[in-house]
Amino acid sequence: MSWGPLLVACGACYVLKLSGLSVPDRVLADQRVQRLTAALPVALLAALIALQTWVSDRSLVIDARTGGLAVAAVAVLLRAPFIVVVFLAALTAALLRLA
Amino acid sequence: MSIGLATGAYGLSFGAVSVAAGFSVWQTSVLSLFMFSGASQYAFVAIASNGISAAATATLLGARNALYGLRLSELLAVRGVRRAAAAQLVIDESTAMALGRESQGPLASRLAFWSTGLAIYVLWNAATLIGAVAAGALPDPRKYGLDAVAPAAFLALLSPRLRGPGPLGLAVAAVVVALVVTPFVPKGVAVLAAAGVAVLWLALQTRRASAA
């Protein structure tokens with residue numbers, strides 16, 4: 001994996017953090033900016049879940065990861081801690097591949 | 001304490017997932033040292049193959065930290081080097097702890113920010129390194145279900161943001177659009193299409209609000 005985009009992304013994320021502490025309130029306090037900043041993680045995380053679960057090499061697939069995600073969803077609904085959620089997802093996928 | 005445990009677990013799994021995605025232990029550690037924002041880091045290594053989209057998505061996910069900074073700037077009242085250091089520690093957890101102590105005065109609040117931020121920074125980086133080295137020792141990470149860890153982690157990050165029908169509708173729309181465009185575009189572009197869905201969704205909401 002190449003270093004270029006990695007370093008650019010690190011820099012961009014730091015500038016965002018610093019801007020909050022430095023930029024005059026007017027820009028970031030804008031209602032539209034605030035609403036977009038709240039909506040972006042919802043849309044991006046949801047899309048990432050779908051792509052990481054049902055896509056392999058640009059085609060749609062249903063494999064062991066789907067079982068892992070289903071079990072993770074139940075764990076999240078039961079308010080299980082983070083480590084339990086990801087462990088159960090990995091365990092489920094591994095067991096499904098054994099079967 | 002519970003934040004510490006969660007951070008350790010989250011850092012371990014990030015290190016493992018990053019190495020499984022093809023990043024070196026070095027690159028994985030640099031992400032934790034300098035990006036230091038869990039969701040952005042996970043997204044970056046998940047998209048990996050398309051560098052520009054990976055960087056764009058990580059940056060869009062990091063935008064919320066700017067808003068945290070906005071809330072914190074008066075509270076922390078830092079300048080110069082201290083501001084540069086404080087900025088790196090602006091994350092979900094340190095913001096929550098600092099704002100939670102706001103009623104106990106600025107000193108308690110500042111202490112909460114610095115202690116939470118520093119503790120998580122150290123733990124996060126140590127856990128990342130351990131996870132990365134451990135995953136590097138595994139012959140085939142897929143066999144252990146490591147590829148199911150990232151979606152589960154994203155789900156755990158998403159679920160607290162899903163209160164109410166609005167966000168849920170947006171999440172479903174983002175999933176549908178991302179999957180529909182998938183056969184036609186690189187993976188990173190499908191994620192960015194979801195960012196477009198968020199913009200469109202807000203525009204529709206604003207129109208509805210002004211019509212009512």
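In which helix of chain A is Lys17(A) found? Lys17(A) is found in helix H1 of chain A, where helices (H or I, at least four residues) and strands (E, at least two) are DSSP runs numbered from the N terminus. This is a predicted model, in which local features need pLDDT of at least 70 and side-chain atom pairs count only at pLDDT 80 or more, while totals for chains, interfaces and linings use all residues. Residues are numbered from 1 along each chain as its sequence is written, and chains are lettered from A and ligands numbered from 1 in the order in which they are written.

**Confidence**

- The predictor gives the complex an ipTM of 0.90 together with a pTM of 0.84.
- For chain B the mean pLDDT (the predictor's confidence in each residue, from 0 to 100) is 89, and 98% of the residues of chain B reach 70 or more.
- Among the elements of chain B, the lowest mean pLDDT, 85, belongs to helix H1 (residues 2-20), and the highest, 97, to helix H2 (residues 25-35).

**Where chain A meets chain B**

- In total, 64 residues of chain A are in contact with 81 residues of chain B, contact meaning that the C-beta atoms of two residues, placed from the backbone, lie within 7 Å.
- The elements giving two or more residues to the side of chain A that touches chain B include helix H1 (3-22), helix H3 (31-54) and helix H5 (82-98) of chain A, and the largest share, 20 residues, comes from H3(A).
- By class, this side of chain A has 47 nonpolar, 11 polar and six charged residues, where Ala, Val, Leu, Ile, Met, Phe, Trp, Tyr, Cys and Pro count as nonpolar, Asp, Glu, Lys and Arg as charged, and the others, Gly among them, as polar.
- Lys17(A) touches Asn65(B), Ala66(B), Gly69(B), Ala87(B), Gln88(B) and Val90(B), leaving aside residues up to four places away in sequence.
- Lys17(A) counts as buried because it has 25 C-beta neighbours inside 10 Å, given that a residue is buried if 20 or more other C-beta atoms, placed from the backbone, lie within 10 Å of its own, exposed if 12 or fewer, and partly exposed in between.

**Helix pairs**

- The axes of H5(A) and helix H8 (residues 149-158) of chain B come within 8 Å and cross at roughly 150°, with axes being lines fitted to C-alpha atoms, for helices over the stretch in contact, and angles running from 0 to 180 degrees between N-to-C directions.
- The contact joins Phe82(A), Val85(A), Val86(A), Ala89(A) and Ala90(A) of H5(A) to Val149(B), Ala152(B), Ala153(B) and Ala156(B) of H8(B), and its residues are nine nonpolar, no polar and no charged.
- Within chain B, the axes of helix H4 (residues 51-76) and helix H7 (residues 106-137) come within 10 Å and cross at roughly 125°.
- H4(B) and H7(B) are therefore oblique to each other, since angles under 35 degrees count as roughly parallel, over 145 as roughly antiparallel, 65 to 115 as roughly perpendicular and the rest as oblique.
- Leu72(B), Leu75(B) and Leu76(B) in H4(B) meet Pro106(B), Ser109(B), Arg110(B) and Phe113(B) in H7(B), a contact of five nonpolar residues, one polar and one charged.

**A buried serine in chain B**

- Ser32(B) lies in helix H2 of chain B and is buried, because 25 other C-beta atoms are within 10 Å.
- Not counting residues up to four places away in sequence, Ser32(B) touches Gly11(B), Gln41(B), Trp124(B), Asn125(B) and Thr128(B).
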